[in-house]
Amino acid sequence: KPVVAIVGRPNVGKSTIFNRIVGERVSIVEDTPGVTRDRLYSSGEWLTTDFNIIDTGGIEISDAPFMEQIRQQAEIAIQEADVIIFMTNGREGVTDADENVAKILYRTKKPVVLAVNKVDNPEMREQIYDFYSLGFGDPHPISGSHGLGLGDLLDTVVNHFPEIEEEDYGEDTIKFSLIGRPNVGKSSLVNALLGEDRVIVSDIEGTTRDAVDSKLTVGEKDYVIIDTAGMRKKGKVYESTEKYSVLRALRAIERSDVVLVVLNAEEGIREQDKKIAGYAHEAGKGVIIVVNKWDAIEKNDKTMKEFEENIREHFKYLDYAPIVYLSAVTKQRVNTLLPIIDTVSENHSMRVQSSILNEVIMDAIAMNPTPQDKGRRLRIYYATQVAVKPPTFVVFVNEPEIMHFSYERFLENQIRQAFGFEGTPIRLISRKRT
Ligand code: GDP
């Protein structure tokens, strides 16, 4: 998906516009239990075009002085975005800070669309002409609070989208990424994986912006490790600010089939770990939890069990994810990783037979009656799998409103027990039978 970034000095209304563009999606996402999401990266759509959008104002660069913050946010936009919305404030006119942002944006060849916010009524339109002086062509008057002008702005933005050549790795190639906080050992693990002699490695440069993917072939199987940029080298610019690293991780997750959530055994589980893992879950990717630095801790016969309990407690929504305890340094159990990735990837794209699926559902109903509401009972007619990656099932019912979250969970568990699906989220959608 193309990426749009909103840049501009503080208080021009970037977040308001971001929320307008993203619409209801942000709140839907935030309702997911156990997952808190930053409002800095989300998806939007205009007409029939989907895109991702970044509010660079949400990327805090700690301790940096005001202008430095803006500068770095603009740099991130230049690096990450396909189209940049440069936002200014029509009530305040062109300020020095706007001119500073403009100077940074002159350096990019990427399209910059100039938006003048807070133009709440037509009389104010006169004032937008000053903004031609910024050198980015026609200023687009908008009003975040009134929702005016957004359509025209988005038309222009969408017109500037490049033809994205999505890298084509072939059907059977398993794409995976390693995500986690800085220093949990992602680079070491990538190197350990790529270092094994049985593996043939090649770097694929510049597939998506500055991402570098690494291809490896083991026997007959092809894998691509998504976005190893920075991981195999010393300079880890992409981790220099926490939120930027989250952004980077989100993009890697989106392009992956399977996501390895890497934890550091020495440090246990942090808030940031949960957040990152939550993204992978929400994105519907296969997930494996990797506990790295297993060599570095004191262990006895209970340690693994205690870790497992702790992980299950903190990552409730990831109860399907296998856990691997390993050491990138001593290579202990590193060789178990690819086979687990294979299994998870197979499950992630597994299709089940409709007849068996419906038997499972009917057995489930017999075991645990469907919920009722105001004297009406939920009736389930049949279920069918409508998608893979992740496996997605539609359950046809009389009244979708009577379907209860807990009953959906129950059905999901029955489906899991019947078919496996280790490592992959599955989705259940209730539809009214027409
Ligand atoms: P990244 O920031 O997640 O890519 O982490 P790195 O791979 O750069 O590792 C951070 C530090 O942890 C380095 O000093 C590594 O040598 C160390 N490290 C990585 N994996 C292991 C491990 O399995 N055991 C131990 N003891 N140290 C590790």
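Author: Happy to! A residue counts as near a molecule if its C-beta atom, placed from the backbone, lies within 6 Å of it. This is a predicted model, in which local features need pLDDT of at least 70, side-chain atom pairs count only at pLDDT 80 or more, and totals for chains, interfaces and linings use all residues. Residues are numbered from 1 along each chain as its sequence is written.

Around the ligand there are 16 residues, and G185, K186, S187, S188 and S327 come nearest. Helix α6, residues 186-195, gives the most to this shell, with three residues; helices (H or I, at least four residues) and strands (E, at least two) are DSSP runs, numbered from the N terminus. By class, the shell holds six nonpolar, seven polar and three charged residues. Here Ala, Val, Leu, Ile, Met, Phe, Trp, Tyr, Cys and Pro count as nonpolar, Asp, Glu, Lys and Arg as charged, and the others, Gly among them, as polar.

Between domains 2 and 3, 13 residues of domain 2 are in contact with 10 residues of domain 3, contact meaning C-beta atoms, placed from the backbone, within 7 Å. On the domain 2 side, β12 (286-292) and α10 (337-348) each supply at least two residues. The largest share, four residues, comes from α10. That side of domain 2 has six nonpolar, six polar and one charged residues.

Key:
Two residues are in contact if their C-beta atoms, placed from the backbone, lie within 7 Å.
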